[in-house]
Every structure is written in structure tokens, then in C-alpha cells.
Amino acid sequence: YLRYLFYVIFGTVIWGLSPIFYAMLASVSSIEIVAHRSFWSAVFLLLYIFLFSGFGRDMLRKGIKELGSLFLSGILIAINWYGFIYAVNSGNALQASLGYYIFPLVAVFLGIVFNREKFTYTQIFSISLVIVSVISLVYMNGEVPSLALILAFSFGFYGLIKSNVKLDPISSVTYETILITPLAILMMFLFSEPIIKSEVFVFDRTIILLVFSGLITAVPLVLFSTGTKVFSYATVGLIQYLNPTIQFLIAIFYFKEVFELGHALAFSLIWVALFIYSFESIS
């Protein structure tokens with residue numbers, strides 16, 4: 001059990017520390033990073049499946065059957081990746097942290113709206129606290145946390161679609177990255193000037209970092225999928241709060257982003273909401 005616990009925690013820490021990694025790619029456009037992240041994630045995941053799981057006929061048949069859902073979920077995760085990378089490299093890592101804190105409660109809200117799941121009083125109260133936190137941030141700081149909301153809702157809708165996909169997490173993300181890579185590359189050439197094409201003198205360091213963007217996406221996913229075979233979803237969900245917590249600390253102490261009274265109130269309300277929601281989940 002300790003080994004699997006280490007897998008889940010280590011994967012979470014990698015994701016939590018990723019803002020520091022993407023800050024090293026600040027000279028590269030966000031869409032180009034997403035294109036490389038999609039491509040290299042697919043390469044590493046295909047290699048993993050080939051070596052350890054086997055790219056069998058059953059996986060191929062199920063994947064082809066669900067191409068529409070996988071393509072849509074791929075677009076949503078690409079939007080999420082883009083929003084996260086853009087937030088980090090535009091001085092809004094605090095909003096990225098806020099978005100991933102909000103996400104679990106957004107997922108509950110979407111489940112209630114689209115899957116007709118029943119409300120509990122705890123869920124109503126927790127979601128209400130999130131709404132109040134966003135309003136307080138707008139009122140006190142004059143700041144609409146648009147990036148945080150994009151991250152939370154894109155990931156929320158992504159999870160909603162994935163809940164109906166029958167493939168295992170690694171196989172489904174492999175399909176998604178394969179499907180969205182051509183689109184991401186097309187968008188890259190339409191809306192940005194690829195740095196590897198235009199600035200050859202940074203090619204070596206940049207391409208290594210871009211390849212690693214796929215690795216730091218694939219490795220945590222493999223670790224998570226391994227860990228969830230042993231631990232309950234609620235336990236893994238609680239551990240995953242490490243991700244936005246690490247991002248929160250990085251935004252304040254590493255990137256030195258401004259943390260005002262509105263931020264303090266908003267984050268405090270969300271932490272209370274998550275504590276209440278998590279307490280109900282494990283009780």
C-alpha cells in the first residue's frame with residue numbers, strides 16, 4: 001500500500017510543481033506548448049501501453065467505437081492545458097490554483113445538472129460558498145477570475161464526458177492526445193510563429209523541455225491509474241488537493257504574485273467548502 005500511496009503522491013507533486021517547469025518555456029507560445037505536450041504525451045503513453053499493457057484488438061475496437069467522445073474530451077483537455085500554461089506564463093498562476101480548487105465542486109454541479117444527480121444539503125452549501133468566493137473576488141479586487149473558471153469548467157466537462165467512456169484512463173488519454181495533436185499543430189501554425197522554426201539558436205534547450213512536457217503529463221497519469229487500483233476514489237481525490245496547494249504556494253512565494261484581501265477571502269471560502277465536501281465524501 002505504501003508503494004501505491006507513493007505513486008499517487010509523487011504524481012500529484014509533479015503536477016503541482018509543473019508551473020515552475022512551464023515558466024522555463026515562457027518564450028514559447030502557449031498553443032505551441034500544447035501541440036508538443038499532446039504529441040509527446042501520445043508517444044510516451046503509446047510506448048507504455050506497448051511495453052506493459054499491450055495495444056490489443058479489444059482496446060482498438062473500443063477506442064474506434066468512442067472516437068466522437070474521445071475527440072470532444074481531447075479538445076476540452078487541450079483547452080484546459082492551454083488555459084493553465086497561459087495562466088502560468090502571464091503571471092496568473094494564482095488563478096490556475098484557484099481553478100483546480102474549484103474544479104471538484106464544479107464537477108458536482110455539472111453532475112447535478114447533466115446527470116440528474118441528487119442534491120445534498122452539504123453539496124448545496126459547498127457550491128454556494130464557491131459562488132460567494134467568486135463574487136467576493138470580483139467585488140473586492142475588481143477581478144473576474146476568468147482563467148480559473150475556464151480551467152474548472154473545462155476540466156469539469158472533460159470529467160463528465162470521460163465518465164461515459166469505457167476505456168481505461170491511460171488508453172483513453174492516449175486516444176485523446178493522438179486525435180487532438182493534428183488540430184493543435186494546425187492551430188499553432190495559424191496563430192503563432194513556432195519558436196523552433198524562427199529561433200534556431202534556442203532549439204536544443206527548447207526542444208528538450210518541450211519533449212519533457214509530454215513526459216510530465218504521461219508519468220503522473222500512469223502513477224495515478226496504478227494507485228487508483230488500490231485506493232478509493234475519495235482517498236485519491238483528497239490527495240489531489242496537494243496539486244492546487246503546491247501551485248498556490250509557488251504562485252505566492254516563487255512567482256511573487258500579489259495576494260490581496262479579495263484573494264484571501266475567496267481562497268478561505270473555497271478551503272472551507274472543500275473541507276465540508278471532503279468530510280461528507282469520506283464519512
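**Helix H4 and its neighbours**

A: Let's start with how the helices pass each other: H4 passes H7 in a left-handed crossing. Keep in mind that this is a predicted model. H4 covers residues 67-89 and H7 covers residues 146-162, and their axes come within 9 Å and cross at roughly 160°. Angles over 145 degrees count as roughly antiparallel, so H4 is roughly antiparallel to H7.

Who does the touching? On the H4 side, the contact is made by Ser 69, Leu 72, Ser 73, Leu 76, Ile 77, Ile 79, Asn 80, Gly 83, Phe 84, Tyr 86 and Ala 87. H7 answers with Leu 147, Ile 150, Leu 151, Ser 154, Phe 155, Phe 157, Tyr 158, Ile 161 and Lys 162. Sorted by class, that contact of H4 with H7 has 14 nonpolar, five polar and one charged residues.

Now for the other partner, H8. Here H4 and H8 pack at an angle of about 70°, with the axes 8 Å apart. Angles of 65 to 115 degrees count as roughly perpendicular, so H4 is roughly perpendicular to H8. From H4, the contact uses Leu 67, Leu 70, Phe 71, Ser 73, Gly 74, Ile 75, Ile 77, Ala 78 and Trp 81. From H8, the residues are Ser 172, Tyr 175, Glu 176, Thr 177, Leu 179, Ile 180 and Leu 183. By class, the contact of H4 with H8 divides into 11 nonpolar, four polar and one charged.

If you compare the lists, Ser 73 and Ile 77 of H4 turn up in the contact with H7 and also in the contact with H8.

Lys 162 of H7 is part of the contact with H4, and Glu 176 of H8 is part of the contact between H4 and H8. The side chains of Lys 162 and Glu 176 meet in a salt bridge, at 3.0 Å from N to O. Lys 162 lies in helix H7 and Glu 176 in helix H8 (residues 169-191), so the pair ties together parts that are 14 residues apart in sequence. Lys 162 is buried, and Glu 176 is buried too. A search of the whole structure finds one salt bridge.

For contrast, step over to Arg 61, which is found in helix H3 (residues 57-65). Arg 61 has 51% relative accessibility, so it counts as exposed.

Notes: Residues are numbered from 1 along each chain as its sequence is written. This is a predicted model: local features need pLDDT of at least 70, side-chain atom pairs count only at pLDDT 80 or more; totals for chains, interfaces and linings use all residues. Side-chain values use heavy atoms; hydrogens and water are left out. Axes are lines fitted to C-alpha atoms, for helices over the stretch in contact, and angles run from 0 to 180 degrees between N-to-C directions. Helices (H or I, at least four residues) and strands (E, at least two) are DSSP runs, numbered from the N terminus. Angles under 35 degrees count as roughly parallel, over 145 as roughly antiparallel, 65 to 115 as roughly perpendicular and the rest as oblique. A crossing is left-handed if the near helix is turned anticlockwise from the far one by less than a right angle, and right-handed if clockwise. Contact means heavy atoms within 4.5 Å. Ala, Val, Leu, Ile, Met, Phe, Trp, Tyr, Cys and Pro count as nonpolar, Asp, Glu, Lys and Arg as charged, and the others, Gly among them, as polar. A salt bridge is a side-chain nitrogen of Lys or Arg within 4 Å of a carboxyl oxygen of Asp or Glu. Buried means under 20% relative accessible area, exposed over 50%, partly exposed in between (1.4 Å probe, protein chains only).
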